[in-house]
Amino acid sequence: MAKGYWVSVYPAISDPEGLTAYDKLAGPAVQAGGGRTLSRIPSRGGRVVAHEAGITQRVVLIEFDSFEQAVAAYESEAYQKALVALPDGVVRDFRIVEGID
């Protein structure tokens, strides 16, 4: 069974405090849904090299055991509550993708 991934890229963050409030709700919701954070750059001190149209702003990669589990975690009540806390001052490109078996 192919794994599922949440991929979030944040081209603009003008409300970092609001993003922190979202993170406090989203982290436990992701863990409850079976997600494992593989990368959170640059806020955790990781390195990034952007090429072409890439950006160096925040990028988050979360792995789930299956695509279905990733979708279910997004649709969960706990994560939907976290989304309400995501401030308007944050521009995010979010997608759920299926891994290659």
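Which residue of β3 stands opposite Thr-37? In the predicted model described here, in which local features need pLDDT of at least 70, side-chain atom pairs count only at pLDDT 80 or more and totals for chains, interfaces and linings use all residues, the residue opposite Thr-37 is Ile-62 of β3. Residues are numbered from 1 along each chain as its sequence is written, and side-chain values use heavy atoms, with hydrogens and water left out.

Helices (H or I, at least four residues) and strands (E, at least two) are DSSP runs, numbered from the N terminus. Four strands form an open sheet in which the order is β2-β3-β1-β4 and the pairing is antiparallel; two strands pair if DSSP finds at least two bridges between them. At the edges of the sheet lie β2 (36-41) and β4 (90-98), each of which pairs on one side only. On average, neighbouring strands of this sheet are turned by 15° against each other, direction ignored; angles run from 0 to 180 degrees between N-to-C directions, and axes are lines fitted to C-alpha atoms, for helices over the stretch in contact.

The pairing can be followed strand by strand. Between β2 and β3 there are five bridges in the antiparallel sense, and the Thr-37 and Ile-62 pair belongs to the residues that stand opposite each other. Strand β1 (residues 4-13) is joined to β4 by eight bridges, the two strands running antiparallel. Within this pairing, Ile-13 has Val-90 of β4 as its bridge partner, and Tyr-5 stands opposite Val-97 of β4. Six bridges link β1 to β3, again with an antiparallel course. Here the bridge partner of Val-9 is Val-59 in β3, while that of Val-7 is Leu-61 in β3.

Strand β3 also contains Glu-63. This residue has a relative accessibility of 11% and therefore counts as buried (under 20% relative accessible area, with exposed over 50% and partly exposed in between, for a 1.4 Å probe and protein chains only). The side chains of Glu-63 and Lys-3 are joined by a polar contact of 3.4 Å, a polar contact being a pair of N or O atoms within 3.5 Å; within protein, one must be able to donate a hydrogen and the other to accept it, and residues adjacent in sequence count only if both atoms are side-chain atoms. Leaving aside residues up to four places away in sequence, Glu-63 touches Lys-3, Gly-4, Tyr-5, Gly-34, Gly-35, Arg-36 and Leu-38, where contact means heavy atoms within 4.5 Å.

Helix α3 (residues 77-85) packs with α1 at an angle of about 175°, the axes being 8 Å apart. The two helices, α1 and α3, are therefore roughly antiparallel to each other (angles over 145 degrees; under 35 count as roughly parallel, 65 to 115 as roughly perpendicular and the rest as oblique). From α1, the contact involves Gly-18, Tyr-22, Leu-25, Ala-26 and Ala-29, and from α3, Ala-78, Tyr-79, Lys-81, Ala-82, Leu-83 and Ala-85.

Helix α2 (residues 67-75) packs with α3 at an angle of about 55°, with axes 5 Å apart. This angle makes α2 oblique to α3. Ala-73, Tyr-74 and Glu-75 of α2 meet Glu-77, Tyr-79, Gln-80 and Leu-83 of α3.
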